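Student: I would like to learn how to read the side-chain and cavity features of a model. Could you take me through one?

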Amino acid sequence: MSSGKNYKKVAYYPGCALEGTAQAYDRSTKEVGKALGLELEEVKNWNCCGAMEVKNIDPKIQTYLSSRVMSIAANEMGHDVVMAPCNGCYHNLKKAEYDLQNDQESRKVVDRISTKAGHDTYQAGQVETIHALDWIRDEIGEEGLRERTKGALKGLKVANYYGCMYTRPRHIFPEKDQGEGSESTLTPHFMDDLLAAAGAENVDFPLKTACCGGAHTLSDSDTSTLLVTNILKAAEASGAEVIATECPTCHSGLEMHQIRAEKNFGYKSNVKIVYFTQLLGLALGLKPKAVGLHENISNSTDLLREKGIA
Amino acid sequence: MPIHEEHLIRPENLKTHENLVIDGVDVSGHWSTFIESRVVTDYNEAIEEEISSLPGGEFIHRCWQCGSCTNSCTVNAVNPEFNPRYWIYLIRMGMESELLRDRDIIWQCVSCNKCTYACPRDVMPEGVMKATAHWLELKGHTPKSPSTVFDEVFAGQVIETGKIEEGRVLRHFLKRTGQPMIQPWLVEMVKRMVFGLPLKMLIHLGLANIFRPRTSQWARARSAINEYVAEKEDEHQTALGLDDLVELAKQEVTSKSTPAGE
Ligand code: SF4
Ligand code: SF4
C-alpha cells in the first residue's frame, strides 16, 4: 500500500548479487525505470546487507550492515525511500527497521558499531524500504502499465514465483495484509498484477511462496534440487511457459537446480526462468539485449521471440 | 491389533513376538507387537537455558507444542525425520540423548520461515533451529556443518571487505569442504552461461576476480564488527559452560610447548 511518499526518485540499493550473477536483473530494473520515467540514485559506497549468512554468525551484525545502507541513503543523500529489487536485501533492511524500532539491544549494538565506524547511526523511520514491485506498482500502477504496454505479453503463460523473503516472517512487513490494495503475505499478487496489466496470462500456481532452498544451495545441494524440482513440476503442471522471478537468489537457484535436476537426477523441464523486470521491459518495447535476456542461463529467447514478445 | 502411526515409533523400540502366550492365552499374530517401555533418567536440564542464550533461541520457552511448525516445514516435507516441534520438546525436557540422535540433520533447516509464519506463540522456530545447530557444534556433538562453513566463508568476506563476490565465496567454500571445483552441473551451468554472454561480460567477470568489489573506508567498520564478534563468542562460551574446557585446552597447548623437565 502506498505510504504517500513519492517514488519518482528513490535511493537504489542493488546489493552484491545484482553486481554479480544477477546483472540481468540490475540492467532490466534500471532500463524499466528509465522507460517509465522513474529515477534511481544508487546508494553511495554501499555494503552487503548480510544476505542469509551473516545472521547465523550474529543477527545484530546483520542489523548493523543493513542499517549502514539506510543511514547513507538518509543522512548522506537525503532520501526517504530505499528501493531494493533483491528479496534478501529488501528483507534484511525491513528486518533491521523492525529490530531498531522494537529492540533496545539492537539499537545499542548498531549505535556502538556505527560510532566506531565513523558514520551517523540510522534511526528507525528515517527511510521506507520498498521492493521493485512496490516501486512500479505504486508509482506507475496497473492502469499506467496497461496504457504503456498495450497487452504486449498477450498469450504468455506465467507462473509468478515470490519465494520466502518477500513475505516471511510477517511481522517485519507491517504494511502487508492491510486489506484492499495491500500486498498479501499468504498469496502475494503484486507481480501477478503488474504482469497481467502488461497482458500476460497468469496461471494458477500453488507454490508462489514455496522455498527454493536458496540458503543451502551449495551446502545441501540435493535438498535444494529437490525443492526446486517441486517448483518446476508445479509450474509445468499449471501450464506455465515461464516462471517470473523477483529475487536474484530464487532466480539463480531455479536456474542452477534446473540444470542440476537434469544432470544429477535425470529430471528435465522446459519452463523458462525470467525476471519480471525483463518481461516488463520487453512489454515496454525494450530490446532483449537491453534487459539482459542473453545473460540468463535459462534460455527464453526463442520462446519469447516465437510469441512475438522479444 | 496393529499399532497406529507405527512410523512415529523408532523401529528398535518395537518388539514383535512370533509366538506369545500371556496368562495362558495365545496372543500370537495381531496382538504380538508391543512398544518397549523405557525409563529416562539422564535429563540434562541445562540444555534449554544454554540454547536460549544463543541467538535465535531466546523464545523457546513460549512453545506449547501445537506442531504448526513441523506441519508447515519445508524440510519436513522432504524428510519426515526433520521435526522442529519434537526437537523443541526434547530440548525443553532436557532429553539430550534423544536429541543427539538427530544431530546430523538439524542444520538442514533452510531458513524459509514457514514455521515462524505459522507459529501462534512467536517462538521463532527458525531461530531455534539455528541456535540448536550452533549449540551442537559448540558442544562438540557435531563437526561444523557445511552450512556453518558457508556462513563463515561468506560472513568472513563481508566483514573483511564490506561486500561479496560470489565466485570467490564459491571457490573458498568448495575448498574448505574438500569438494572439487569441477562439478558436472557447475560445468554445464558455466557452459550455458558463457554461451549466451558477450565478451564484454566475460572480461568483466574475469576482472571481478582480480579487482574484488569492496566498500571503501571500511576498515573502521571492520574492526568494530570484529571486536563485537569476539565479545559475543566469549559470552556464548561462558553461557554454555565451556570456559573451563577452553582454559584446560590452552594449558595443554602451553605445557606441550614447554620442553619436558623444566
Ligand atoms: S508452532 Fe510454535 S508453539 Fe507450535 S510447536 Fe512449533 S514452536 Fe511450538
Ligand atoms: S525455517 Fe527451517 S524449521 Fe522453519 S519451516 Fe523452514 S526449514 Fe522448517
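Tutor: What follows goes from aromatic rings to ligand shells, cavities and backbone geometry.

Student: What kind of model is this, and how are its parts numbered?

Tutor: This is a predicted model: local features need pLDDT of at least 70, side-chain atom pairs count only at pLDDT 80 or more, and totals for chains, interfaces and linings use all residues. Residues are numbered from 1 along each chain as its sequence is written, chains are lettered from A and ligands numbered from 1 in the order in which they are written, and side-chain values use heavy atoms, with hydrogens and water left out.

Student: How do I read an aromatic pair?

Tutor: A pair of aromatic rings is described by the distance of the centres and the angle of the planes. Rings of Phe, Tyr and Trp (its six-membered ring) pair if their centres lie within 6.5 Å; planes under 30 degrees apart count as stacked, over 60 as edge-to-face and the rest as tilted.

Student: How many aromatic pairs does the search find over all chains?

Tutor: It finds 7 in the whole structure. Take Y90(A) and F173(A): the ring centres are 5.6 Å apart and the planes are at 20 degrees, so this pair is stacked.

Student: Which parts of chain A does that pair tie together?

Tutor: Y90(A) is in helix α5 (residues 87-102), and F173(A) is in the loop between β5 (157-161) and α9 (190-197), so the pair ties together parts that are 83 residues apart in sequence. Helices (H or I, at least four residues) and strands (E, at least two) are DSSP runs, numbered from the N terminus.

Student: Are Y90(A) and F173(A) buried or exposed?

Tutor: Both are buried. Buried means under 20% relative accessible area, exposed over 50%, and partly exposed in between (1.4 Å probe, protein chains only). Y162(A) and Y166(A) also form a stacked pair, with 5.6 Å centre to centre and 20 degrees between the planes. Y162(A) and Y166(A) are both buried too. Ring pairs link Y90(A), Y162(A), Y166(A) and F173(A) into a cluster.

Student: What about a charge over a ring?

Tutor: The test is that NZ of Lys or CZ of Arg is within 6 Å of the ring centre and within 35 degrees of the ring normal. Here the charged end of K176(A) sits over the ring of F173(A), 4.1 Å from its centre.

Student: Which residues come nearest to ligand 1?

Tutor: A residue is near a molecule or strand if one of its heavy atoms lies within 4 Å of it. Of the 14 residues around ligand 1, the nearest are C63(B), C66(B), G67(B), C69(B) and C119(B). In chain B, α2 (68-72) and α4 (84-93) each give two or more residues to this shell. For the make-up, Ala, Val, Leu, Ile, Met, Phe, Trp, Tyr, Cys and Pro count as nonpolar, Asp, Glu, Lys and Arg as charged, and the others, Gly among them, as polar. The ligand 1 shell divides into 9 nonpolar, 3 polar and 2 charged residues.

Student: And which are closest to ligand 2?

Tutor: Ligand 2 is surrounded by 14 residues, with C73(B), C109(B), C112(B), N113(B) and C115(B) closest. Two or more residues come from each of α3 (74-78), α6 and α7 (125-138) of chain B. The shell around ligand 2 holds 9 nonpolar, 3 polar and 2 charged residues.

Student: How many cavities of 30 Å³ or more are there?

Tutor: On a 1 Å grid over the protein atoms alone, a cavity is a set of points where a 1.4 Å probe fits but cannot get out; lining residues have an atom within 4 Å of a point. Grid points are joined across faces, edges and corners, and a volume is the space filled by probe spheres set on the points. The count comes to 4. The largest cavity has a volume of about 140 Å³. It is lined by 16 residues, and M52(A), C164(A), M165(A), C212(A) and G214(A) are the closest to its centre. The lining divides into 10 nonpolar, 6 polar and no charged residues.

Student: Where is the backbone worth a look?

Tutor: The peptide bond from R168(A) to P169(A) is cis, with omega near -10 degrees. P169(A) is in the loop between β5 and α9 of chain A. Q65(B), a residue other than glycine, has a positive phi near 60 degrees. Q65(B) is in the loop between α1 (46-52) and α2 of chain B. S111(B) is not a glycine either, and its phi is positive at about 60 degrees. S111(B) is in the loop between α5 (96-101) and α6 (114-118) of chain B.

Student: Why do Q65(B) and S111(B) fall into their accessibility classes?

Tutor: Q65(B) has 28% relative accessibility, so it counts as partly exposed. S111(B) has 8%, so it counts as buried.

Key: On a 1 Å grid over the protein atoms alone, a cavity is a set of points where a 1.4 Å probe fits but cannot get out, and a pocket is an open set with protein on both sides within 12 Å along at least five of seven lines; lining residues have an atom within 4 Å of a point.
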